[in-house]
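Some structural labels deserve a second look.

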Amino acid sequence: MNISITGKQFELTEPIKGYIENAFDALGKYNLDIISGRCVVSADEKQGKKGFNAEFALNLAHKDTIVIRQKDKDLYAAIDLAVERASKVLRREHDKATTVKGKADDKEYRLKIGEEKVEGVEEIVPMELELYKPLEIEEALEHLKNSELQFYIFNDIDARMRVIYKRTDGKYGLY
């Protein structure tokens with residue numbers, strides 16, 4: 001993960017940089033393929049009160065960028081609160097990827113579906129359909145001709161489910 005730490009209107013010291021780098025390392029435990037992380041720390045003084053802003057931006061692969069801003073009187077407290085909020089967001093993303101809903105796209109899960117038997121019937125084995133992209137009728141006919149299947153189910157260009165099948169007279173039928 002590429003890490004960028006900058007300070008605005010504020011002098012970054014080595015202990016602060018080390019603390020922020022450790023915070024980024026703690027966010028790596030979710031195994032979400034974080035491409036880069038950016039932290040901008042700035043000093044803020046309004047009406048004589050001094051405060052600090054900590055902004056964390058995390059770029060995840062195949063996801064939107066997560067941006068978290070936190071203000072506090074203490075710099076370390078602002079960093080801790082921002083990391084806690086980022087951790088919560090990353091945990092949610094991790095849970096989405098590891099729940100049953102997320103595993104439905106997993107190949108091992110698909111194989112388990114194909115191995116499942118229907119009680120009382122030996123000839124039927126449930127299988128998942130391959131309806132990933134719409135096909136032209138000619139493409140589906142070519143697929144059926146090149147295989148030893150009796151019929152082929154596909155979605156046509158109009159997103160309607162169609163069945164093309166071999167007839168006993170050697171021709172092909174289409175539903």
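The questions below take the labels one at a time.

Q: What kind of model is this?
A: The model is predicted. Local features need pLDDT of at least 70.

Q: How many helices and strands are in the chain, and what pattern do they follow?
A: The chain has five helices and seven strands. Read along the sequence, the pattern is β-α-β-β-β-α-α-α-α-β-β-β.

Q: Why are β1 and β4 called edge strands?
A: The order in this open sheet of four strands is β1-β2-β3-β4. β1 (2-8) and β4 (66-72) each pair on one side only. The twist averages 10° from one strand to the next.

Q: What makes β1 and β2 a pair?
A: Pairing requires at least two bridges. Seven bridges join β1 to β2 (residues 34-46), so the pair qualifies. These two strands run parallel. K8 stands opposite S42 in β2.

Q: How do you know that β2 and β3 pair, and in which sense?
A: The cut-off is at least two bridges, and β2 and β3 have 12, so they pair. The sense is antiparallel. D44 stands opposite G51 in β3. With parallel β1 and β2 beside antiparallel β2 and β3, the sheet is called mixed.

Q: What lies between β2 and β3 in their hairpin?
A: Two residues lie between the strands. Q47 in the turn has a positive phi of about 55°.

Q: Which hand does the β-α-β unit of β1, α1 and β2 have?
A: The unit is left-handed. A right-handed crossover would run clockwise from the first strand over the helix to the second, with the strands pointing away from the viewer.

Q: Which strands do helices α1 and α2 lie across?
A: α1 (residues 14-27) lies across β1, β2 and β3 (49-60), at about 135° to β2. α2 (residues 75-98) lies across β2, β3 and β4, at about 150° to β4.

Q: What makes the largest nonpolar core a core?
A: Its members must be buried nonpolar residues joined through side-chain atoms within 4.5 Å. The largest such set has 27 residues. Those with the most contacts inside it are I20, F24, L27, F56, L58, I79 and L90. α1, β2, β3, β4 and α2 each supply at least two residues. α2 gives the most, with seven.

Q: Which residues does F56 touch?
A: Leaving out residues up to four places away in sequence, F56 touches I20, F24, R38, C39, I66, V67, I68, I79, A82 and V83.

Q: Which residues belong to the other core?
A: This core lies apart and has six residues, among them A140, L144, Y152 and F154.

Q: Why do β5 and β7 count as edges of their sheet?
A: The open sheet has the order β5-β6-β7 with antiparallel pairing. β5 (151-155) and β7 (172-174) each have a single partner strand, so one side of each is left without a neighbour in the sheet. Neighbouring strands are turned by 20° against each other on average, direction ignored.

Q: How do you know that β6 and β7 pair?
A: Three bridges join β6 (residues 161-166) to β7, and at least two are needed, so the pair stands. The two strands run antiparallel. Y165 stands opposite G173 in β7.

Q: What share of the chain counts as buried?
A: Buried means under 20% relative accessible area. Of the 175 residues, 28% count as buried. The chain exposes about 12900 Å², and carbon and sulfur atoms supply 50% of it.

Key:
Residues numbered from 1 in each chain as written. Predicted model: local features only at pLDDT ≥ 70, side-chain atom pairs only at ≥ 80, totals over all residues. Heavy atoms only, no water. Axes fitted to C-alpha atoms, helices over the stretch in contact; angles between N-to-C directions. Contact = heavy atoms within 4.5 Å. Buried < 20%, exposed > 50% of the residue type's maximum accessible area, 1.4 Å probe, protein only. Areas by Shrake-Rupley, 256 points an atom, 1.4 Å probe, with all protein chains shown as cover.
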